Amino acid sequence: MNTKINFLGKEFKNPIIPASGTFGFGYEFSELYDINILGSISIKGTTLKPRYGNPLPRIAECPAGLINAIGLQNPGVDKVISEELVKLDEVYKDQIIANVGGHSVSDYVETVKKFNDCSKVFAIELNISCPNVSGGGMAFGVDPEVAFNLVSEVKKVSTKPIIVKLSPNVTDIVQMALAVEKAGADAISLINTMVGMRINLKTAKPIISIKKGGYSGPGIYPVALRMVYEVSHAVKIPIIGMGGITNAYDVLEMLYAGASLVMIGSANLVDPYACQKIINDLPKAMQEYNITNLEDIIGKVE
């Protein structure tokens, strides 16, 4: 069974990538299993300056997933490059995807420029779709013109491929995809979390400190699959699919819908061995459906 995927000129041993924000900076998981089996890693969202994130509580459980409002907590791009990626390089030998967030166009531009000379980074994933950051974040991901301008400015300075992470919290996901493709995006990843909330019945107040947060998990999988399908039929650039993937069969569906790679998010928070299990199960799932080469099924659903 051939699980290799060629994506933006780079060969991935398999399509499985832990999603940003659910796998830390990667090296933490190396104590559990050999993370070199992963196709790649999308590291924790990185900003120009350090961010503490949102006040506690910022996690709420749901029947088919969870709500988070972490708020892009990270030590800032300089420390990510000089400390976090150095630690990761000791246990993971392949290149990774750096996820970048910001409050302004200049924030994104300056952060991306700092990754230009970092050989550990293969591509930049622009997070224009985070629903739990005040200012920036999803503000860039709900207006096609604003997204176009941001991606255009980033493309002027980046020496790495740019992957744009789209929000499902829009009227027309296809218009957003076409806008970032026109601006020069090399690939698209989707979907980021939906917006949700939970209420504490004892206090009659929202559980999350900022009231709302990003809803993720199996509950959003059918929505993610539909959006990947729609976008893949509208753009010419490759797609990374994500949103509620929990097993190898979900991965096959995502590829049929048009994704070339997939990212595993909330499943890592429920089971830290989730990616390992999916990678181990993938050849068996392929055999069950008479698939010998994963690349052959990408976008096969008309």
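What follows is a short exchange on the sheet, the helices and the aromatic rings of this predicted model.

Student: How do you know that β9 and β14 are paired strands?

Tutor: Pairing needs at least two bridges. β9 (residues 187-190) and β14 (residues 239-242) have three bridges, in the parallel sense. In one of them, Leu190 has Gly241 of β14 as its partner.

Student: What is the strand order in the open sheet?

Tutor: Seven strands run β3-β15-β14-β9-β8-β7-β6, with parallel pairing.

Student: Which strands does helix α6 lie across?

Tutor: Helix α6 (residues 248-257) lies across β3, β14 and β15 (261-264). Its direction is at about 140° to β15. Helix α8 (residues 274-288) also packs on the sheet, touching β3 and β15. The angle between α8 and β3 is about 175°.

Student: Why is the pair of Phe7 and Phe12 called edge-to-face?

Tutor: Two values decide. Ring centres must lie within 6.5 Å, and planes over 60 degrees apart count as edge-to-face. For Phe7 and Phe12 the centres are 5.9 Å apart and the planes stand at 85°, so the pair is edge-to-face. The structure holds five aromatic pairs. Ring pairs also join Phe7, Phe12 and Phe122 into a cluster.

Student: Why do Phe7 and Phe12 count as buried?

Tutor: The cut-off is under 20% relative accessible area. Phe7 has 2%, so Phe7 is buried. Phe12 has 0%, so Phe12 is buried.

Student: What makes Tyr249 and Tyr289 an edge-to-face pair?

Tutor: The centres are 6.2 Å apart and the planes are at 80°, so the pair is edge-to-face. Tyr249 belongs to helix α6, and Tyr289 to the segment after α8. The two are 40 residues apart, and their pair links distant parts of the chain.

Student: Why is Tyr249 called partly exposed?

Tutor: Partly exposed lies between the buried limit of 20% and the exposed limit of 50%. Tyr249 has a relative accessible area of 40%, so Tyr249 is partly exposed.

Student: How do you know that the charged end of Lys10 sits over the ring of Phe12?

Tutor: One test is distance: the charge must be within 6 Å of the ring centre. Lys10 is 5.7 Å from the centre of the Phe12 ring, and its charged end sits over that ring. Likewise, the charged end of Arg58 sits over the ring of Tyr52, 5.6 Å from its centre.

Terms used. Residues numbered from 1 in each chain as written. Predicted model: local features only at pLDDT ≥ 70, side-chain atom pairs only at ≥ 80, totals over all residues. Heavy atoms only, no water. Helix = DSSP H or I, 4+ residues; strand = E, 2+ residues; numbered from the N terminus. Contact = heavy atoms within 4.5 Å. Axes fitted to C-alpha atoms, helices over the stretch in contact; angles between N-to-C directions. Phe/Tyr/Trp six-rings, centres within 6.5 Å; stacked < 30°, edge-to-face > 60°. Buried < 20%, exposed > 50% of the residue type's maximum accessible area, 1.4 Å probe, protein only. Lys NZ or Arg CZ within 6 Å of the ring centre and 35° of its normal.
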